[in-house]
Amino acid sequence: MLLVSFLLLLHIVPTHQYGTGYIKFLKYHDKSDCGEINDCDFYFKNLELYDSTRDQLVYVKKTDDASNSDTVNFETDIPDTKWEYSFAMKTNDTIMLRTEVWDKDSHNGDDEKRDIDDLVIPFNEITATNQWFSRQLSFDSLSWYFEVEIKISQCDLNFEGKGCNYCSVNYYTSECNKYCKP
C-alpha cells in the first residue's frame, strides 16, 4: 500500500526542467558628471538578476570600485567579482536587471548615480545554442549602458516555440530537446 501511494504521489507531482541561461558582464559606460574633484569611480550595489515572477537568479551585494573612468571594463577594473553567471530559466521568460550605480568620492561621501530597476535582458531575442550574443542594455543609450553577452544552452523540457526555433514533437538535437525546424 505504501509503495502504491508513493507511486501515485510521483505521478501527480509535476517535474519542471528549465533551460539554462548565461550572462557575461563586459562593460558599463556612463557619462555622469562625477564632480570636479575626481573622475568617476563607479561601483555597484545590490546587483540582481530576476525573472518575471521576481525570483532572484543572481545577486551581488557590493563590488569594488573602478578607478577614474566613465567606462568600467568589469573583468579588468573590478577583478575580484565574478562577472559571468549561469542560471536556470524558463525559455523565453523575461529576465531583468536591478542595481545601484555609485561613485566613490573620498571628499564628500559616495554619490548614487543611478538606481536601475527592471532593465530587460533580451533572452527572448536569441535561440538556444552555445553561441554568445552581444547586447547593449539601457533605458537611455545616450547617457549610460551595460555591454553584455548572453546565451541559452538548452530549452525547457518539452518547450516548443521561439527561442528554440519551432520544434516538432519527438525530435531532438543537442541545442534543443526537440528537433528544430528552420
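Hi everyone, let's start with a term: a salt bridge here is a side-chain nitrogen of Lys or Arg within 4 Å of a carboxyl oxygen of Asp or Glu. With that in hand, this predicted model holds six salt bridges. I'll walk you through some of them.

Take arginine 98 to begin with. Its side chain meets that of glutamate 48 in a salt bridge, at 2.8 Å from N to O. This pair links distant parts of the chain, as arginine 98 sits in strand E6 (residues 95-103) and glutamate 48 in strand E2 (residues 42-50), 50 residues apart. Arginine 98 is partly exposed, at 25% relative accessible area, while glutamate 48 counts as buried, at 11%.

Arginine 98 also forms a salt bridge with aspartate 117, where the closest N and O atoms are 2.7 Å apart. Aspartate 117 belongs to strand E7, 19 residues away from arginine 98 in strand E6. What do the shared partners make of Glu48, Arg98 and Asp117? They join into one network.

Now for another pair: aspartate 118 and arginine 54 form a salt bridge, with 2.9 Å between the closest N and O atoms. Aspartate 118 is in strand E7 (residues 111-121) and arginine 54 is in the loop between E2 and E3, so this pair ties together parts 64 residues apart in sequence. Both count as partly exposed, aspartate 118 at 29% and arginine 54 at 45%.

Last stop, threonine 63. You'll find threonine 63 in the loop between strand E3 (56-62) and strand E4 (71-73). Is threonine 63 buried or exposed? Threonine 63 is buried, because its relative accessible area is 2%, and buried means under 20%. Beyond its neighbours within four places in sequence, threonine 63 is in contact with Tyr43, Phe44, Ile78, Thr81 and Trp83.

How values were computed: Residues numbered from 1 in each chain as written. Predicted model: local features only at pLDDT ≥ 70, side-chain atom pairs only at ≥ 80, totals over all residues. Heavy atoms only, no water. Helix = DSSP H or I, 4+ residues; strand = E, 2+ residues; numbered from the N terminus. Buried < 20%, exposed > 50% of the residue type's maximum accessible area, 1.4 Å probe, protein only. Contact = heavy atoms within 4.5 Å.
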